[in-house]
Structure formats: C-alpha cells, structure tokens
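Colleague: I am new to this structure and would like to go through it in questions and answers. Please show it first.

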Amino acid sequence: MKGAPPVAGRRLRITGVVQGVGFRPFVHRLATRLGLGGWVRNVAGAVEIHVEGPEDVLALFVGALGTEAPPVARIDAVESASATADGAESFIITHSIDADSARPVAPDVGTCAHCEAELFDSDDRRYRHPFITCTDCGPRYTIIDALPYDRERTSMKAFVPCPVCAAEYATPSDRRFHAETVACPQCGPRVWLEEPGGTERAAGDTAILLAAAALRVGAVIALRGLGGFHLVVDATNDAAIRRLRERKQRDAKPLAVMVRTLDDVQAIAVVSEREAALLRSAARPIVLLRPKATAALSAALAPGLDRLGVMLAYTPLHHLLLEGAARPLVMTSGNLSDEPIAIGIAEGRERLGTLADLFLLHDREILSRCDDSVVRVVDAHEVIVRRARGLAPTPVRLPVAAPEPIIAVGPHLKNTFTLVRGDQAFVSPHIGDLEDLEALAHWHSAYDRFRALFRIDPTVAVRDLHPGYLSTRLAEELGLPQVIRVQHHHAHIAAVAAEHGITSRVVGIAFDGTGYGDDGHVWGAEVLVADLAGYHRAAQLRYAGLPGGDLAAREPWRVALGYEALAGEQTRAFSLAYYGVPMATRVGAAQQLSRGVNSPMASSMGRLFDAAAAVLGVRRHASFEGQAAMELEALAGETRAMPLPFPILDGGDRLIMDPVPLLIALGEGRQHGVDVGLLAARFHESVAYAAAEVARRVAADHGINTVALGGGSFQNARLLASIEGRLTAARLRVLVPRQLGPNDGAISYGQAAVAAWRLIHE
Ligand code: ZN
Ligand code: ZN
Ligand code: FE
C-alpha cells in the first residue's frame with residue numbers, strides 16, 4: 001500500500017498589477033483544481049498566498065501562477081518561502097489587509113470574448129445588457145475611488161446586486177466569482193437617449209437602437225462611454241463628418257474610427273498579425289493602420305495622411321451601438337477643440353449641447369477622465385503615441401528608488417504628470433495642453449485623485465526650466481519644500497534610459513517640436529551626452545530665426561523664411577514656400593526676422609520638417625502642429641532614397657548639423673520637377689543620416705556605445721526605423737521608448753527619474 005505523500009507548505013508574495021484583475025479568484029480556481037489547501041488575500045500592493053500539499057503539486061501550482069495568470073495581470077516578482085503546513089483542507093479567499101503604501105490600480109479592460117458571446121446570445125440572461133463584465137474585463141481605473149478594489153469603493157456601489165448576481169459573485173466556479181462589477185439587466189446601470197436640453201426620448205435597448213438609427217442618417221451623438229464622452233458619427237458619411245468638424249472646431253486633425261470585429265477592421269485597413277494582436281489586446285488602443293483604397297470610408301477622416309486610427313469596441317455599449325449602426329463609426333473625444341473631455345452628465349449636457357444632436361447616456365459615474373490610447377507598430381515594435389485608457393495607470397519602474405515622494409508636473413503641451421514612491425512611477429493618463437484654466441483644473445483634479453488612490457503625498461516637485469509655462473507656476477504653487485528643475489530634452493533622454501533601467505551615460509538624440517533650452521533658445525534637435533545626473537549638449541541643429549514665434553508651428557512658410565535668411569544668394573530655392581502668402585505678411589515677417597523682433601532662435605526638428613514641407617510646396621499653413629511632418633512621412637511612404645547633402649560642421653564645443661544645403665536641394669529639385677514623394681523620402685534619409693553620423697562620432701569621442709532616441713519626431717516610423725537601422729549597423733546599442741511614448745507624454749517620467757537620482761546623489 002502506498003502512503004500519502006508528505007504535505008509541505010509554502011508562502012508566496014506576488015507583486016505587480018495583481019489587484020482588481022481577477023487574480024485571487026484565479027488563484028482560488030488553480031489551487032482547488034490541483035487539490036491544494038490554504039488561502040489567498042490582498043495585502044498592500046501585493047497578493048499573499050499560503051498553500052499546502054505535496055511538494056511536486058506545489059511546484060506545478062507555482063509554475064501555473066506565471067503561465068495561466070489572468071490576461072490583465074502583470075506579475076513583477078514572486079517571493080517564495082517555505083511555511084508550516086497546518087492541515088488546511090480547502091482553499092479560501094480571505095479578507096484584504098490594508099496598509100498605507102502605494103500600489104498599482106488596474107487599468108480598464110476591454111470586453112472579453114466570453115462576455116461578448118453572452119451579450120449576443122438571446123438565451124443568456126445578460127443578452128444585450130450594455131454593462132456586461134466579468135473578472136477578466138470591464139472598467140477599473142475610471143470607476144475606482146479608493147483601494148483596496150472592492151465594489152463599495154467604486155461607482156458600482158450605487159447598484160446593489162440582485163440575488164442571482166450575488167450568487168454568481170459568491171460561487172468559486174463562476175466566471176464572475178469576486179467580479180466587483182457584476183451586474184445584470186435587473187440590477188445594473190441604466191442607459192437612455194435624450195435630446196440636447198434633457199428631454200428623454202427612450203431608455204434601455206430602444207435607446208441604443210434609436211441612437212444607431214440616428215447615426216445611420218447622419219446625426220452627431222454624444223456618447224457617455226468609459227473614460228468620458230465621445231462624439232460619434234457615421235464614418236462613411238462625408239456631410240456628417242464635416243458637420244462634426246465644424247462644430248468641434250477641428251478642421252483637419254485625423255479622426256479615429258471604431259468597428260466591432262477584426263473582420264470589420266480588415267475590410268477597411270491593412271492589418272499585420274502584430275497589429276491585430278494589439279487591436280484585440282485588453283487595452284484596446286487606437287492603432288494607426290494603413291487604410292485600404294477600397295474601404296467605404298469618408299475621405300475627410302484623415303486628409304492627406306496615410307494612416308487611419310482604428311479601434312475595436314471595448315465596452316458592451318459600443319458593441320451594441322456598432323451592431324445597430326452596421327458601419328464603422330467615428331469616435332472622437334467629447335470636447336471642443338483641445339479641451340479636456342467631458343465625463344459627468346451635467347458637464348456633458350452643458351459642454352456638448354451645441355455639438356451633438358442626441359445624447360446616449362448612462363448612470364454609472366466616471367470618476368477618472370481617460371482618453372483613448374493611441375499606438376502604432378513600427379517594424380516589429382509598438383510605439384505609443386498617447387498613453388491613456390487601458391495602459392495607464394500601470395506603474396513604470398524607475399532605475400533608482402526615490403528617497404522622498406515626488407510629483408513631476410510634466411511639460412507644457414501633451415501633459416502627463418508622474419507621482420513617485422520608491423522605485424514606482426505612476427504616470428498619469430494623457431492630460432492635454434496646459435494652456436488654459438480648464439486644463440489646469442483638470443490637472444488638479446487628476447492629481448488629487450492620483451494622490452488619494454496611490455496614497456502618495458509628495459514633498460518634492462519637479463518642473464521644466466521655462467519660467468513662464470503654466471506648468472511651472474503650477475509646480476511652484478504646490479508649495480512643496482523642494483522644487484527641482486529639469487531641462488526638457490534631458491527629460492526626454494532620461495525617460496528612455498530610465499525605462500530600460502540604464503543609469504550610465506548614453507548618447508541621446510532628442511528630436512521634437514519645442515523645448516526650452518538652457519541658453520534661452522528654442523531647442524528641438526539636440527544630441528546630448530547624458531545620464532540621470534545631467535547632460536552636455538554635444539550637437540545641435542543649426543539655429544535659425546522663427547519669425548512670429550509660436551505662430552511658426554502653424555505657418556510652415558515662416559520657418560522656411562528663417563532658413564532662407566541663412567542661404568546667401570540661393571533664395572530662389574525657397575520660392576514655393578510662400579505661394580498664397582500675402583506679400584505684406586511676408587514682408588512683415590522678414591522685417592521681424594531681420595530686426596530680431598519676436599523671432600526666437602530655434603534648433604527644432606519639428607520645424608525643420610515644416611520648412612521642408614514648405615519648400616516642397618506641400619504645406620504652407622498647418623491646422624495643427626506636426627501636420628506637415630505627418631504629410632511628408634505619408635508622401636515618402638516606403639520609397640527607397642539616398643540622402644541629400646546635410647553637412648555636419650565643427651561648432652567648437654559641439655557639432656552643428658546644417659540643414660540649409662538640404663533645404664536648397666529640396667527646393668531646387670521640386671522646381672526641376674522631381675517627384676515630391678521621392679524628395680520627401682530623400683529628406684527623411686538625410687535627417688537619419690546626419691543624426692546617426694553625429695551620434696556615432698559623439699559616441700566614439702566619449703567611449704559610449706548606447707544611443708537613446710526620444711522626442712515626438714520619433715513617432716515618425718520612417719525616421720525612427722532609418723536612424724535605428726543606421727545606428728545598429730554602426731554597432732551601437734539603440735534604446736527606443738517602449739512602455740511610454742517618444743513624445744512629451746514621457747517628459748514627466750523623465751523629470752521624475754532625474755529628480756530621484758539627484759535626491760540621492762546631491
Ligand atoms: Zn468578461
Ligand atoms: Zn443582477
Ligand atoms: Fe518634447
């Protein structure tokens with residue numbers, strides 16, 4: 001007769017994103033399946049497990065924790081110690097132990113396949129229930145008021161579960177075991193359709209069907225979604241899109257489209273396997289895809305661009321609306337121009353009343369504003385364009401632990417902020433441009449919510465060098481004992497190095513639109529030798545005047561004028577840049593430039609793209625910053641091309657990249673009838689060549705073999721891939737942004753990394 005195997009015990013502590021993601025129910029199911037006894041509980045920022053059984057089965061259990069964890073969980077570390085077995089026969093979920101410490105909050109999760117199947121199954125009791133969720137999916141961050149994650153600390157507390165839902169919640173074998181958002185048509189939130197002004201037209205399924213019917217005939221609908229309001233129109237209807245653009249005062253910025261299934265995506269765009277996986281991922285971001293020429297979509301969605309933002313439905317309400325409309329829908333943020341998106345019902349009614357024809361509303365409160373995330377795939381990698389819903393607020397590690405809690409307030413435009421405790425950096429979702437009081441109010445409310453959620457009370461503020469930015473004032477007005485200042489492009493490079501855990505010196509290529517330089521000029525095409533402590537500017541783009549200052553970001557011809565002033569006799573090459581610009585305006589700008597009035601000196605890669613677009617006659621006026629650069633990238637496509645002259649000069653203490661010969665060659669080429677796509681491609685290769693060559697020289701001079709790429713210009717896939725390829729060919733290690741994007745959304749994290757280092761070492 002065989003004796004029972006000896007029983008061993010083990011105590012495990014698992015950290016990462018493990019709360020609010022169905023981790024305890026998963027552990028319960030796994031242990032029960034393997035016949036193990038013990039318990040699981042949430043403790044501050046971690047999950048603790050006591051498990052007992054035969055040694056070999058315990059090993060299976062530990063292995064499966066990593067391989068079978070719920071899709072949204074992210075395990076950072078598993079600590080394991082042996083423990084005394086005390087004869088537990090069953091496995092239970094015990095009470096959470098709460099302690100004062102920072103811990104992750106799970107991001108919102110798109111509707112899972114199980115819930116989607118139930119949603120459209122007429123035999124299911126949640127058939128067409130617009131709030132169907134389970135432990136694997138549904139809202140988290142946007143509805144959580146405090147931790148630990150339990151229903152009474154979410155906006156679901158207003159809805160008392162019916163007996164059937166309560167039974168599901170309590171049944172270990174049920175998919176909704178411990179699903180805090182469990183609800184059904186009997187007990188869940190409610191949806192209704194109303195007119196501007198508040199008159200209710202319909203409720204429940206009828207409301208959704210009526211909204212879908214209105215969309216089919218061109219209506220603009222304000223939809224209260226997951227992280228805020230969307231404005232919705234038929235993506236195949238030109239007139240409806242024009243009306244939306246007029247009302248929203250958004251004339252050319254691309255609009256994202258939502259569809260219901262991957263087949264629907266494939267009908268309108270080319271999708272690689274990697275892109276398909278990204279579209280279907282729990283975060284359900286907007287993915288920038290190449291639209292198909294045959295797609296029945298309005299040409300007004302992304303005029304002049306070769307990419308279209310597409311996302312899959314990520315809530316049951318979206319699924320139902322799309323199913324009813326039976327066509328792709330534009331889903332754009334519910335705001336006027338660049339204001340923060342509306343989230344509350346009263347706020348939505350007030351701010352969107354003149355923008356929408358109808359309101360599709362629900363009564364589950366949105367506690368945290370969260371825009372859609374935007375991602376694109378470059379080669380085999382993902383580049384984050386906007387990090388928000390589904391990605392934030394998952395923490396990003398810092399390579400050093402901050403000795404004091406930090407708030408890094410972030411940049412002036414495309415703001416995010418970062419709260420730090422120890423080596424955990426909680427980067428806020430995209431906030432927007434800090435240019436008006438409304439944006440500031442949004443910043444403060446997001447900041448207060450973050451402080452409460454993560455229980456971090458900072459004593460150190462970090463800000464940009466610019467004395468005049470609202471973000472600077474904001475940092476000073478927090479009234480914290482210490483304020484640390486970090487240069488914008490240093491923050492870009494520090495962010496990339498830090499997310500890769502690098503603290504030694506790197507060569508940093510920082511290419512973007514605008515950042516305030518330590519010499520008071522406008523920087524934006526810099527090569528730095530940097531570590532977290534500081535930087536040295538090893539190379540820059542040659543300075544040119546920007547007549548009109550900030551106006552130049554919207555009027556590329558002004559940038560061309562600044563470079564023309566450096567071109568000596570060869571001014572003819574620039575003539576296409578001014579087509580349609582009134583002579584008096586141009587003469588006025590030229591006078592500003594020659595007298596140095598409102599004409600800051602700039603070394604900006606974003607502006608160089610503008611100048612190139614202007615001399616090529618592609619664009620002289622832009623309706624948003626970066627439009628010209630996006631069009632040049634679209635024109636260049638994948639055309640193979642050789643660089644044009646882009647000399648690297650010795651500027652004494654640094655190298656100078658001189659783009660004037662390049663702009664002359666572009667202008668002359670265009671005037672001689674060379675294909676504009678080819679010239680756009682040669683422009684990209686010229687910039688990539690000069691950047692890689694400068695970085696190679698600087699790296700060799702300093703004995704460094706790692707190059708970090710940061711700044712918004714690296715959202716340009718062709719530029720990123722070409723520079724990366726050239727550097728790799730030169731046997732350099734290349735760091736590119738992965739967890740955060742290359743653009744200013746990463747600045748606050750870079751500021752935090754520099755500040756953490758300085759607090760330790762100074
Ligand atoms: Zn689900
Ligand atoms: Zn119910
Ligand atoms: Fe920047």
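## Metal sites, a covered helix and ring pairs

Modeller: This is a predicted model. One detail to begin with is glycine 637, which follows helix H17 and has a positive phi, near 50 degrees.

Colleague: How many of the ten residues of H17 are buried?

Modeller: Helix H17 spans residues 627-636 and is mostly covered. The buried residues are Gln627, Ala628, Ala629, Glu631, Leu632, Glu633, Ala634 and Ala636. Of the ten residues in H17, the buried ones number eight.

Colleague: What covers the buried residues of H17?

Modeller: The cover includes one strand, E16 (374-378). It also includes the helices H14 (556-564), H16 (605-615), H19 (676-702) and H20 (717-729).

Colleague: Which domains does the domain assignment give?

Modeller: The assignment places domain 1 at 8-93 and domain 2 at 191-374.

Colleague: What distance separates the centres of domain 1 and domain 3?

Modeller: The centres are taken over C-alpha atoms. For domain 1 and domain 3, the separation is 36 Å.

Colleague: Which residues coordinate the zinc ion (ligand 1), and what is the arrangement of the site?

Modeller: The SG atoms of Cys112, Cys115, Cys134 and Cys137 coordinate the zinc ion (ligand 1) at 2.3 Å. In sequence these donor residues follow the spacing C-x2-C-x18-C-x2-C. Cysteine 112 is in the loop between strand E5 (91-93) and H3, while cysteine 134 is in the loop between H3 and H4, so that this pair links distant parts of the chain, 22 residues apart.

Colleague: Are cysteine 112 and cysteine 134 buried or exposed?

Modeller: Buried means under 20% relative accessible area. Cysteine 112 has 12% relative accessibility and therefore counts as buried. Cysteine 134, with a relative accessible area of 0%, is also buried.

Colleague: Why is the arrangement around the zinc ion (ligand 2) tetrahedral?

Modeller: Cys162, Cys165, Cys184 and Cys187 each provide an SG atom to the zinc ion (ligand 2), at 2.3 Å. Four donors count as tetrahedral if all angles lie between 85 and 135 degrees. The donor atoms here subtend angles of 105 to 118 degrees, and therefore the arrangement is tetrahedral.

Colleague: Where do cysteine 162 and cysteine 184 lie?

Modeller: The donor residues of the zinc ion (ligand 2) are spaced C-x2-C-x18-C-x2-C in sequence. Cysteine 162 and cysteine 184 link distant parts of the chain, 22 residues apart. Both cysteine 162 and cysteine 184 are buried. Cysteine 162 is in the loop between helix H3 (113-119) and helix H4 (163-170), and cysteine 184 is in the loop between H4 and strand E6 (191-194).

Colleague: What arrangement do the four donor atoms around the iron ion (ligand 3) make?

Modeller: The donors to the iron ion (ligand 3) are His488 (NE2), His492 (NE2), Asp512 (OD) and Asp744 (OD), at 2.0 to 2.2 Å. Their angles run from 87 to 166 degrees, which makes the arrangement irregular.

Colleague: How many residues apart in sequence are the parts that histidine 488 and aspartate 744 tie together?

Modeller: The iron donors are spaced H-x3-H-x19-D-x231-D. Histidine 488 and aspartate 744 are both buried. Histidine 488 lies in helix H13 (residues 488-499) and aspartate 744 in the loop between strand E30 (733-735) and helix H21 (747-761), so the parts they tie together are apart in sequence by 256 residues.

Colleague: How many aromatic pairs are there, and why is the pair of tryptophan 443 and tyrosine 447 tilted?

Modeller: The count comes to twelve aromatic pairs. In the pair of tryptophan 443 and tyrosine 447, the ring centres are 5.1 Å apart and the planes are at 35 degrees, so the pair is tilted. Both residues lie in helix H11 (residues 437-454), four residues apart, about one turn of the helix.

Colleague: Which helices hold phenylalanine 609 and phenylalanine 683?

Modeller: Phenylalanine 609 and phenylalanine 683 form an edge-to-face pair, 4.8 Å centre to centre with 85 degrees between the planes. Both are buried. Phenylalanine 609 lies in helix H16, and phenylalanine 683 in helix H19.

Note on methods
Residues are numbered from 1 along each chain as its sequence is written. Chains are lettered from A and ligands numbered from 1 in the order in which they are written. This is a predicted model: local features need pLDDT of at least 70, side-chain atom pairs count only at pLDDT 80 or more; totals for chains, interfaces and linings use all residues. Side-chain values use heavy atoms; hydrogens and water are left out. Domain bounds come from an automatic or database domain assignment. Donors are N, O and S atoms within 2.8 Å of the metal (3.2 Å for Na, K and Ca); water is not among the atoms, so sites may look incomplete. Four donors count as tetrahedral if all angles lie between 85 and 135 degrees; four count as square planar and six as octahedral if opposite donors are over 155 degrees apart and all others between 65 and 115; anything else is irregular. Helices (H or I, at least four residues) and strands (E, at least two) are DSSP runs, numbered from the N terminus. Buried means under 20% relative accessible area, exposed over 50%, partly exposed in between (1.4 Å probe, protein chains only). Contact means heavy atoms within 4.5 Å. Rings of Phe, Tyr and Trp (its six-membered ring) pair if their centres lie within 6.5 Å; planes under 30 degrees apart count as stacked, over 60 as edge-to-face and the rest as tilted.
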